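Subject: Structure handover

Hello,

Here is the structure I promised you. Please open it first, then read my notes below.

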Amino acid sequence: MYALSKNDEIREIQREILRLKREKSAYIIAHNYQLPEIQDVADYVGDSLGMAMEAKKTDHPMVVVCGVHFMAETAAILLPDRKVITPERYAGCSLAESITPEQLKEWKKQHPEAVVVAYVNTTAEVKALADYTVTSSNAVDIVRSIPEDKEILFLPDMFLGMYVREVTGRRNMYIWPGECHVHARVSPQDIARAALENPGATMLVHPECGCSTNCLYLKARGELSVPMEVLSTGGMVRYVKNNPDRDYVIATEVGILYRLQKEIGSDASRLKPLREDMVCEYMKTITAEKLLKALEKEQYEVKVPPEIAERARVPIERMLALSSPKR
Ligand code: SF4
C-alpha cells in the first residue's frame, strides 16, 4: 500500500465531481479567483457579471456557484425555479458587508430623491433597495445615463465611486465609504515599485469584483504613468494573445493568474502579480472536497425570500441588459 499524494487525492476528487456533475445534470459556475482545483472542473469561469449572465443562460436543474455568497444569491435571484447551491455557506465578501440594508435605508432617508446605484458586490437585501446594479465596466455609462439634476447614492466601493465621479465629473454623487480588504491593499507605492521592478511591463487591471479600483482612480486622475489596460478577463486573455512579446503585471486577485496561464499557455514568468498577498480568503474557502460534498448532498441551497428576490431582480436585470457578454 502506498499513500496518495495530495495532487493524486485532488485528481481523484475531481473525477468524482465530474461524474456526479454529469449524473445530476449540475452546472458549475466559478469565479476567476477560485482555486485551480475548482477552476479545472467548472463549466464556466468568469467574473461576477459573467457568472450572472451564465446563470441566466443555463437550463440545468442544479447550478453550483463557486464564489462568494452574493454571487450565489444573484444566481438564486435569477433562477427562482432552480436549485442553486454553494459549497461554502460562509464565503463572505468584505465589500458586500460594508453596507447593511438598515444603513442604506437611513442614507436614502437623507436623500429621498436620489437614485441608488449599487455595485454588484452587495447582498440581495441591499440590491432590493437599489435602482441600478452596476459593475465597474458599466458604472460610468449608467451614471451618465441618469439625469444630471438627480442626486446619486453610489455604494459600496469608495474607490470605484471616486473613479466614476472623476470620469463623469458628477458633483451631486455621494459615495459610501466601503472597501474590499484585499484590493484596498493596492497603494500608489505598489504601482511605482512594480513599474521600477518591471520596466516595460504592462499593467493589466481587471475591472470587476472591486478589483484594483485604486488603480482606476489614480489613472483617471492622471497620476499613473505606467502602461495600464483596464480589461475584462476575456479582454486580458485577448490582450496577452495579441501582444505575446510583452511582460505583464496583473493588478488583481492572484487567482486570475492561473486562468490566464491556462487559457493562453503563456510562459508563466511573463505574468507577475502586483502583490503576492492579494488573496481573497473568502474565495479560497471553497475546495474540491467541499465541492464534492456539495454535489453529493446537494447543499447548501441558497434561497432568497421571494419579496426580496423580486425587488433585487429589477436592478440586476437592468445591469444585464446594459452589459455585453464577456468572459
Ligand atoms: S476580492 Fe474583495 S470584493 Fe472580491 S470577493 Fe473577495 S472580499 Fe469581496
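Start with the open sheet. Four strands form it in the order β2-β1-β3-β4, with parallel pairing. Two strands pair if DSSP finds at least two bridges between them. Helices (H or I, at least four residues) and strands (E, at least two) are DSSP runs, numbered from the N terminus. The edges are β2 (44–46) and β4 (83–85); each has a single partner strand, so one side of each lacks a neighbour in the sheet. Ignoring direction, neighbouring strands here are turned by 20 degrees against each other on average.

A word on the source. This is a predicted model: local features need pLDDT of at least 70, side-chain atom pairs count only at pLDDT 80 or more, and totals for chains, interfaces and linings use all residues. Residues are numbered from 1 along each chain as its sequence is written.

Now look inside the sheet. Strand β1 (residues 26–31) runs parallel to β2, and three bridges join them. Ile29 has Tyr44 in β2 as its bridge partner.

Two helices pack on this sheet. Helix α3 (residues 48–57) touches β1, β2 and β3 (62–66), and its direction makes about 165 degrees with that of β1. Helix α13 (residues 288–297) touches β1, β3 and β4, and its direction makes about 160 degrees with that of β3. Axes are lines fitted to C-alpha atoms, for helices over the stretch in contact; angles run from 0 to 180 degrees between N-to-C directions. Contact is when the C-beta atoms of two residues, placed from the backbone, lie within 7 Å.

Next, a helix pair. The axes of α4 (residues 69–78) and α14 (residues 306–321) come within 9 Å and cross at roughly 100 degrees. That makes α4 roughly perpendicular to α14 (65 to 115 degrees). On α4, Thr74, Ile77 and Leu78 make the contact; on α14, Ala309, Ala312, Arg313 and Ile316 do.

Strand β9 (residues 202–205) pairs with β11 (residues 248–250) in the parallel sense, over three bridges. There, Thr202 stands opposite Tyr248. Three bridges also join β9 to β10 (residues 228–230), again running parallel. Val205 has Val230 in β10 as its bridge partner.

Last, one residue. Ala184 sits in the loop between β8 (173–175) and α9 (188–197).

Best wishes

Note on methods:
Angles under 35 degrees count as roughly parallel, over 145 as roughly antiparallel, 65 to 115 as roughly perpendicular and the rest as oblique.
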